[in-house]
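Here are some notes to read alongside the model. Take them one at a time, with the structure open next to you.

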Amino acid sequence: SPSSTEVQKKRAPPPIQNDMTEKLEGWKEVAIILIYISLYSAGGLLTKLSKGDGDYTYNPVGVTLVVSCLKLIISLAMLANQGWPANLGLAGSWRFAYPAVVYVIDDNLQFAVLYYITPGEAALFFSFKVLSTAMASKIMLNREISSLQWSALMLLTLGLGTSKIGGQHFQGFNLGHVLVVVVSTIGSTGDVYNEKLLKTDTEASIHLQNIKLYTFSVLLNGLGYAVYEKQGTLNSATYGWNVFVVMLVFVNSFNGIAVSVIFKFLDNIVKVQAAAGGMVLTVLLSSLIFGREPSLGFYLGVGIVFNALYIFNYKHKPITSDPQIEA
C-alpha cells in the first residue's frame, strides 16, 4: 500500500508557476511594477488629502462604488477593443464572488484605517501583509518558497517596521492599527485566490476575468450603498467631492487593473515586494507633504528593505572551475 507521504503528495495541489500564463517581456514587467508602486503610494496620500484635517466630507462607500463601476467600464472597453470571445465561460463566474467580497471589505476599511492613522503609519503596519501573503501562497497555491526567501521576507517585514517617521514612536495602538491587521490578513487570502482564478484558465482574457470580478464588486458595493442610504446615513455618491477625491477614484481604478495584470502574469510575491517599494515611497512623500522629517531609523529601514529584496530575488550561480587554472 502507498505510504502516507505518497498520499499527501497526491492530494497536494500542484504549485502554480508563472509559466502557466504568457510571460511579460522584461520592460513590460518593470513598467507594470513601477506603475503599481506609483499608484499604490498615490492612493494612500490622496485618501488622506481628500479628508483634510477633519472628518470625510464625502461618502467613502459611494467612492468605492464609483471605483468599482469605473473598473468595470474600463474592462468592458478593453475587451470590446480586443474582441468578444465566442465562449464567455459564465458557468464558473461565481468563483469570483469570494475575492470580490474580500475587496469590498478591504476597500471600505482602507478609509477607516486612514481616518485613525497617517498614510505613513498605515504603510508601515501594512508590512504584516508581506508574511500573510507568503503564507497564503504556500497554503493555497503550494508555492515553493525556499528557507532563504522566507528569511528575506521576514527581513523585509522588519525593514518596513523599522522605517518610522521623524523618530517618533507610535502613541499606543488604536482601532486603526487593528483594522490594518484585519485588512492585511483578509486581503492576502483574496489576493491569492484571485491569482489562482486568473491563472487557472490560461486561455481566458484578463479583461473578461476582470469583468466577472468587477461585476460582483459593483453588485456588492451597490448593495452596501443601498443599505446605508436606506438608513439615511448617506448623501449622494458624489456628495462633497473635491479634486483629491476625483483623482483618488481614477488612481484606485487603474491600480485595480494593474494588480490584475501582476496576478495574471507575475504573482502575489512580486506584488508584496512592489508594495514594499510603494510603502517606502509613501513614507517619503508623506514626510514631505505633511511636514515630518524622516529619521535615521527610516533610512536604516530602507536599507534593510532593499537588502531583503535583493536576497529574495538573488539567483545563485554555481562556481565553475577555470580549465586554465586546473591545468
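1. Let's start with Ile-257. This residue is buried, with a relative accessible area of 14% (buried means under 20%, exposed over 50% and partly exposed in between, using a 1.4 Å probe and protein chains only). You'll find Ile-257 in helix H10, residues 243-265. Helices here are DSSP runs of H or I with at least four residues, strands are runs of E with at least two, and both are numbered from the N terminus.

2. A word on what you're looking at. This is a predicted model, where local features need pLDDT of at least 70 and side-chain atom pairs count only at pLDDT 80 or more, while totals for chains, interfaces and linings use all residues. Residues are numbered from 1 along each chain as its sequence is written, and side-chain values use heavy atoms, with hydrogens and water left out.

3. Which residues does Ile-257 touch, if you skip those up to four places away in sequence? They are Lys-71, Ile-74, Ser-75, Asn-210 and Tyr-214, where a contact means heavy atoms within 4.5 Å. Ile-74 is 183 residues away from Ile-257 along the chain, yet their C-alpha atoms are separated by 8.7 Å.

4. Now hop over to Asn-210, which sits in helix H9 (residues 206-230). Asn-210 counts as buried, at 3% relative accessibility. Leaving out residues up to four places away in sequence, Asn-210 touches Ser-75, Ile-257 and Ser-260.

5. Time to zoom out. The protein chain has 13 helices and 0 strands. Of its 327 residues, 46% are buried. Among contacts with a separation of 6 or more, 91% join residues 24 or more positions apart. The chain exposes about 16900 Å², with carbon and sulfur atoms supplying 64% of that; the area comes from the Shrake-Rupley method with a 1.4 Å probe.

6. Have a look at helices H4 (residues 97-116) and H8 (residues 175-200). Their axes come within 9 Å and cross at roughly 155 degrees; axes are lines fitted to C-alpha atoms, for helices over the stretch in contact, and angles run from 0 to 180 degrees between N-to-C directions. That makes H4 roughly antiparallel to H8 (angles over 145 degrees count as roughly antiparallel, under 35 as roughly parallel, 65 to 115 as roughly perpendicular and the rest as oblique). The residues in the contact of H4 with H8 are 16 nonpolar, 6 polar and 2 charged. Here Ala, Val, Leu, Ile, Met, Phe, Trp, Tyr, Cys and Pro count as nonpolar, Asp, Glu, Lys and Arg as charged, and the others, Gly among them, as polar.

7. While you're on H8, find Val-181. Val-181 is partly exposed, with a relative accessible area of 37%. Val-181 and Ser-127 are 54 residues apart in sequence and 9.3 Å apart in space, C-alpha to C-alpha.

8. The axes of H6 and H7 come within 9 Å and cross at roughly 155 degrees, so H6 and H7 are roughly antiparallel to each other. Residues making this contact include Leu-131 and Met-135 of H6, and Trp-150 and Leu-153 of H7. By class, the contact has 9 nonpolar, 1 polar and 1 charged residues.

9. Finally, where is Asn-142? Asn-142 lies in the loop between helix H6 (128-141) and helix H7 (147-162). Its phi is near 55 degrees, a positive value in a residue other than glycine. Most residues other than glycine have a negative phi. Asn-142 is partly exposed, with a relative accessible area of 23%.
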